[in-house]
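Could you walk me through this structure in plain words?

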Amino acid sequence: QAKSYGRNTYSFFTKKMNVIIQRRLVIEEQMRDALERNEFELFYQPQFDAKNKHIIGAEALLRWHNPVLGNVTPDEFIPIAENTGLIVPIGKFVISQALHFLNTWQSTCKRQQKYTMAVNLSPRQFRDVGLLSFIQNSLSEANVNPESLELEITEGVLMSCHTNVVDILTEITALGIYLSMDDFGTGYSSLSYLREYPFNVLKIDRSFIDGIVLNNEDCNLVKAIIAMSHSLGLTVVAEGVETKEQHTLLNELGCDFMQGFYFSKPIPAEQFLDFSMNFDKK
Ligand code: C2E
Ligand code: MG
Ligand code: MG
Ligand code: MG
């Protein structure tokens, strides 16, 4: 009990806990009607071919603007949405919105109809029995090929034992949708996951990309991850590429695709279309 540490410690803990609990409650309460109030917006971050620097696709990243809380970051609100189950309706919004935008993008920038859209999926969404049919309906509603959609999952999905995740993932890939392992290198990064599940893409977490230019060990590690991925038939995406030097080095190491602030931050839809069109002209 915190009380046994003395009165001051006790009140310190209580105050701090209260602040944390209070904020969480407000986030939960605000999030409950946030969809209806139209407070969510998707930003898009372009992904590039490492060799020729062409845009090949984008990742959809959720943003929440709330009148009471201001802008809340996904790192703070996604786990709460996950815990409350609100990620299910919010995740549906993300899928359908991202696919409609992809259709607009593909038809606006006619030179490249093969753009892909990566969407993040949380573990909780896999417990929704309607997930697969929702994805299928959204694809046909948006008039987008399954091959243009990439679903990003982290190890958390594979470790949650609520449902038969393998079956769902197998069905997803059977539809032609791409499956991507996000944040590789963090957590347990069990290699057996790569063997047991039907992944097409591996995204190296940005914590590894950070040090590759200055740190020989990080560089060797990334080199090994790329070689291993390729031998398993996986396409490799480097996340969090922030400098020209990192881009050059990753290209030398044989990395396929890249994403990061060096190229562009995640940006709103309109701005993204401008960016993409100007980039295509070059
Ligand atoms: P993530 O899927 O690994 O997304 C990559 C994160 O890295 C994004 O943060 C992106 O803005 C950031 N990033 C990209 N390039 C750079 C760079 O060069 N440097 C640095 N420092 N950061 C970079 P963001 O948008 O804050 O999202 C954080 C996490 O929240 C995501 O990580 C993802 O796990 C989750 N998330 C975001 N949107 C969704 C969503 O629609 N659904 C679900 N389930 N999760 C989401
Ligand atoms: Mg991701
Ligand atoms: Mg990631
Ligand atoms: Mg992440």
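The side chains of D128 and K92 form a salt bridge, with N and O 3.8 Å apart; a salt bridge here is a side-chain nitrogen of Lys or Arg within 4 Å of a carboxyl oxygen of Asp or Glu. This is a predicted model, in which local features need pLDDT of at least 70 and side-chain atom pairs count only at pLDDT 80 or more, while totals for chains, interfaces and linings use all residues. Residues are numbered from 1 along each chain as its sequence is written, chains are lettered from A and ligands numbered from 1 in the order in which they are written, and side-chain values use heavy atoms, leaving out hydrogens and water.

The D128–K92 pair links distant parts of the chain: D128 sits in the loop between strand 4 and helix 4, K92 in helix 3 (residues 87–108), 36 residues apart. Helices (H or I, at least four residues) and strands (E, at least two) are DSSP runs, numbered from the N terminus. D128 counts as buried because its relative accessibility is 17%, whereas K92 is partly exposed at 29%. The cut-offs are under 20% relative accessible area for buried, over 50% for exposed, and partly exposed in between (1.4 Å probe, protein chains only). The side chain of D128 also reaches the backbone nitrogen of G130 at 3.0 Å.

By the salt-bridge rule the count comes to eight. Three of them have their own row below.

| Salt bridge | N to O distance |
|---|---|
| D128 and K92 | 3.8 Å |
| K203 and E59 | 2.9 Å |
| E152 and K203 | 2.6 Å |

K203 lies in strand 7 (residues 201–204) and E59 in strand 2, so their bridge ties together parts that are 144 residues apart in sequence. K203 is buried, with a relative accessible area of 0%, and E152 is buried too, at 1%. E59, E152, K203 and E239 are linked in a network of salt bridges.

Now to the metals. Which residues coordinate the magnesium ion (ligand 2)? They are E59 (OE), N120 (OD1), E152 (OE) and D182 (OD), at 2.0 to 2.3 Å. Donors are N, O and S atoms within 2.8 Å of the metal (3.2 Å for Na, K and Ca); water is not among the atoms, so sites may look incomplete. The magnesium ion (ligand 3) is coordinated by D182 (OD), D183 (OD), E239 (OE) and E239 (OE), at 2.0 to 2.4 Å. D182 lies in strand 6 and E239 in the loop between strand 8 (235–238) and helix 10 (244–252), so this pair ties together parts that are 57 residues apart in sequence. Both D182 and E239 are buried. The two magnesium ions, ligand 3 and ligand 2, are 4.0 Å apart, and D182 coordinates both.

Most residues other than glycine have a negative phi. N38, which is not a glycine, has a positive phi of about 65 degrees; N38 is found in the loop between helix 1 and strand 1 (40–49) and is exposed, with a relative accessible area of 61%. Phi of K53 is near 60 degrees, again a positive value in a residue other than glycine. K53 lies in the loop between strand 1 and strand 2 and is partly exposed at 30%.

Key
Polar contact = N/O pair within 3.5 Å; in protein donor to acceptor, adjacent residues only side chain to side chain.
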